[in-house]
Amino acid sequence: MSNDRNIIEAHQLSRSYAGFRAVDRIDLHVPRGSVYGFLGPNGAGKSTTMKMLLGLTTPSEGYFVVDGKKNPENRVEILKEIGSLIESPAFYGNLTGEENLDIIRRILGLPKSAVSQALDLVGLTQYRRRLARNYSLGMKQRLGLAGALLGKPPILILDEPTNGLDPVGIHEIRALIRSLPAQFDCTVLVSSHLLSEIELMADRIGILNHGRILFEGTLEDLKAYGLTQGYPTGNLEEVFLAMVNEDNGRRGMIR
Amino acid sequence: MTGSRHGKNGLYLEGKKLKRTGFYPAFLAGGLLSAAFPVINLAVRPESFLSLEGSPFHILMQANWQLMAMINVLLVLTGACIMYHTEHSGNAILKMSSLPFREGSLFLGKALVMASVCAVVLLIEAASVLFCTIHWFGEEGMLPEVLIGFGFSFLMLLPALLCSLLIASVCKNMWVSLGIGVVCIFLATMLPKDDFVLSLFPFAMPFQEISGEIHKLLQQVPETVWKLSAAAGAESALFIVLEFVFLKVRRWF
């Protein structure tokens with residue numbers, strides 16, 4: 001079971017697809033009220049891990065606990081606490097942005113005002129009556145984010161939330177994510193393949209490569225770890241790349 | 001966050017998701033087209049039917065039901081494809097799967113919406129048949145007979161409805177589910193109607209009809225009708241169970 005400090009804990013969590021191990025016995029500790037950056041190159045297993053946490057994929061081995069509730073016994077109870085944005089934004093193209101959020105609002109049993117608040121938070125209010133299929137990629141991403149934020153859930157799982165956004169949008173969403181724990185008293189698990197992005201948002205990071213956790217700790221811990229391992233320490237991006245390359249080297253695949 | 005309300009709102013939500021998809025106009029147009037057959041048939045060649053012996057409802061069903069049933073089953077198939085296309089095309093089903101409600105209720109909500117619109121279509125058809133019995137045959141007491149007949153037709157439509165929804169929920173590509181459904185419908189039209197076992201094929205069942213004198217129907221319902229009704233119920237339950245199994249199993253792949 002999880003302790004009070006960590007709102008999400010995964011133990012030896014694995015996922016295999018026809019002989020390929022996408023996630024390999026990872027242990028994850030996401031502290032309550034923090035922004036946890038889940039970092040790794042494309043195909044490292046970030047999305048698969050997040051899908052497992054949302055009950056969209058069944059773990060092949062291991063288990064996880066969310067706010068003291070174990071999956072799969074408490075799948076619905078766990079989902080009541082999580083707002084999520086997974087892979088590409090998911091929406092009904094034939095409905096407007098507002099109607100899309102209204103469907104989620106009704107499922108969650110929230111008041112009508114929740115929709116306008118969420119639209120406001122992501123800056124979509126003026127486009128709320130436009131059909132979602134006519135949204136630009138960035139607007140679709142914002143709509144997905146609004147869907148995750150609806151009802152101010154205690155946990156947010158965001159898979160590469162700045163994908164498709166322009167530089168101004170990236171900055172806005174980054175600032176929003178950074179402010180969420182203080183604003184809504186929530187915990188954010190956010191993934192990216194860019195350390196430069198994660199280090200602007202996260203209190204704690206987990207580095208994933210080929211389905212395995214290479215590092216888990218604060219950014220200061222990462223810097224200290226780089227020093228002890230003799231990695232170039234000019235910036236954290238170099239530490240991250242050196243760590244991933246070393247792991248790839250051990251596996252016989254230089255990137 | 002409060003608890004799940006999807007159970008309460010299921011029908012409304014699934015209905016709302018179909019906005020601007022053409023689902024409701026398609027069913028309305030299909031119902032009107034199907035209802036037009038008996039009217040046109042009688043308007044164009046009344047002597048072919050008015051000279052026949054027996055219940056006017058029976059005469060009308062014998063003459064028109066195969067075509068009307070074909071439209072009904074095509075509507076069901078198209079409707080199921082539209083319903084799940086809205087879920088798959090924008091990946092909305094992924095979002096729905098990550099919300100706190102039983103995924104099975106999404107399928108059941110869709111089935112309820114579809115059953116409701118099918119009931120409306122059958123009512124339009126029943127009204128048309130009733131109009132024909134009054135206008136051309138001069139029979140004014142046909143309502144109970146017509147209602148029993150179309151109630152039976154509704155029951156016979158349920159297995160095809162649930163099977164179409166099951167296929168559409170499994171296949172992400174709408175054209176695949178549409179193709180499978182069309183093959184099933186044409187297969188159903190080729191099956192001999194007097195073979196009881198073959199008539200249990202879900203897409204063949206909507207072509208069955210019950211019509212005759214009301215007092216005979218109420219006094220002695222043919223055994224085949226009971227068997228078909230029981231089979232329709234069992235098949236419907238089976239497709240619901242299969243959908244629930246699919247929802248469990250797909251997390252492994």
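**Sheets, helices and backbone details**

Guide: In chain A an open sheet of 6 strands has mixed pairing and the order β6-β7-β8-β3-β9-β10, where strands are DSSP runs of E with at least two residues, helices are runs of H or I with at least four, and both are numbered from the N terminus. Two strands are taken to pair if DSSP finds at least two bridges between them. This is a predicted model, in which local features need pLDDT of at least 70 and side-chain atom pairs count only at pLDDT 80 or more, while totals for chains, interfaces and linings use all residues. Residues are numbered from 1 along each chain as its sequence is written, and chains are lettered from A and ligands numbered from 1 in the order in which they are written.

Visitor: Is strand β8 of chain A mostly covered or mostly open?

Guide: A residue counts as buried if 20 or more other C-beta atoms lie within 10 Å of its own, as exposed if 12 or fewer do, and as partly exposed in between, with C-beta atoms placed from the backbone. A:T187, A:L189 and A:S191 point one way from β8(A), A:V188, A:V190 and A:S192 point the other way, and all are buried. With 6 of its 6 residues buried, β8(A) (residues 187-192) is mostly covered.

Visitor: In which sense do β3 and β8 of chain A pair, and which residue of β8(A) stands opposite A:G37?

Guide: Strand β3 (residues 35-39) of chain A and β8(A) are joined over 5 bridges in the parallel sense. A:G37 also stands opposite A:I205 in β9(A), a strand (residues 204-209) that pairs with β3(A) in the parallel sense over 4 bridges. Within β8(A), the residue opposite A:G37 is A:V190.

Visitor: What is the handedness of the β-α-β crossover from β7(A) to β8(A)?

Guide: Strand β7 (residues 155-159) of chain A runs parallel to β8(A), with 5 bridges joining them, and the bridge partner of A:I155 in β8(A) is A:T187. The chain crosses from β7(A) to β8(A) through helix α6 (residues 167-184) of chain A. A crossover is called right-handed if, with the strands pointing away from the viewer, the path from the first strand over the helix to the second runs clockwise. By that criterion, this crossover is right-handed.

Visitor: Why do β2 and β5 of chain A each have one side without a neighbour in the sheet?

Guide: Four strands of chain A form an open sheet with antiparallel pairing, in the order β2-β1-β4-β5. β2 (20-31) and β5 (69-70) of chain A stand at its edges, so one side of each is left without a neighbour, since each has a single partner strand.

Visitor: What is the bridge partner of A:V66 in β5(A)?

Guide: Strand β4 (residues 61-66) of chain A pairs with β5(A) in the antiparallel sense over 2 bridges. In β5(A), the partner of A:V66 is A:K69.

Visitor: Why are α3(A) and α5(A) described as roughly parallel?

Guide: Helix α3 (residues 97-108) and helix α5 (residues 137-149) of chain A pack with their axes 10 Å apart, at an angle of about 25°. Axes are lines fitted to C-alpha atoms, for helices over the stretch in contact, and angles run from 0 to 180 degrees between N-to-C directions. Angles under 35 degrees count as roughly parallel, those over 145 as roughly antiparallel, 65 to 115 as roughly perpendicular and the rest as oblique. The two helices, α3(A) and α5(A), are therefore roughly parallel.

Visitor: Which element gives the most to the side of chain A that touches chain B?

Guide: 28 residues of chain A are in contact with 27 residues of chain B, contact meaning that C-beta atoms, placed from the backbone, lie within 7 Å. The elements giving two or more residues to that side of chain A are α2 (75-79) and α3 of chain A. With 5 residues, the element that gives the most is α3(A).

Visitor: Which peptide bond is cis, with omega near 5°?

Guide: The proline concerned, A:P72, lies in the loop between β5 and α2 of chain A. The cis bond is the one from A:N71 to A:P72.

Visitor: Why does A:R25 count as partly exposed?

Guide: A:R25 lies in strand β2 of chain A and has a positive phi of about 45° although it is not a glycine. Because it has 15 C-beta neighbours inside 10 Å, A:R25 counts as partly exposed.

Notes
Two residues are in contact if their C-beta atoms, placed from the backbone, lie within 7 Å.
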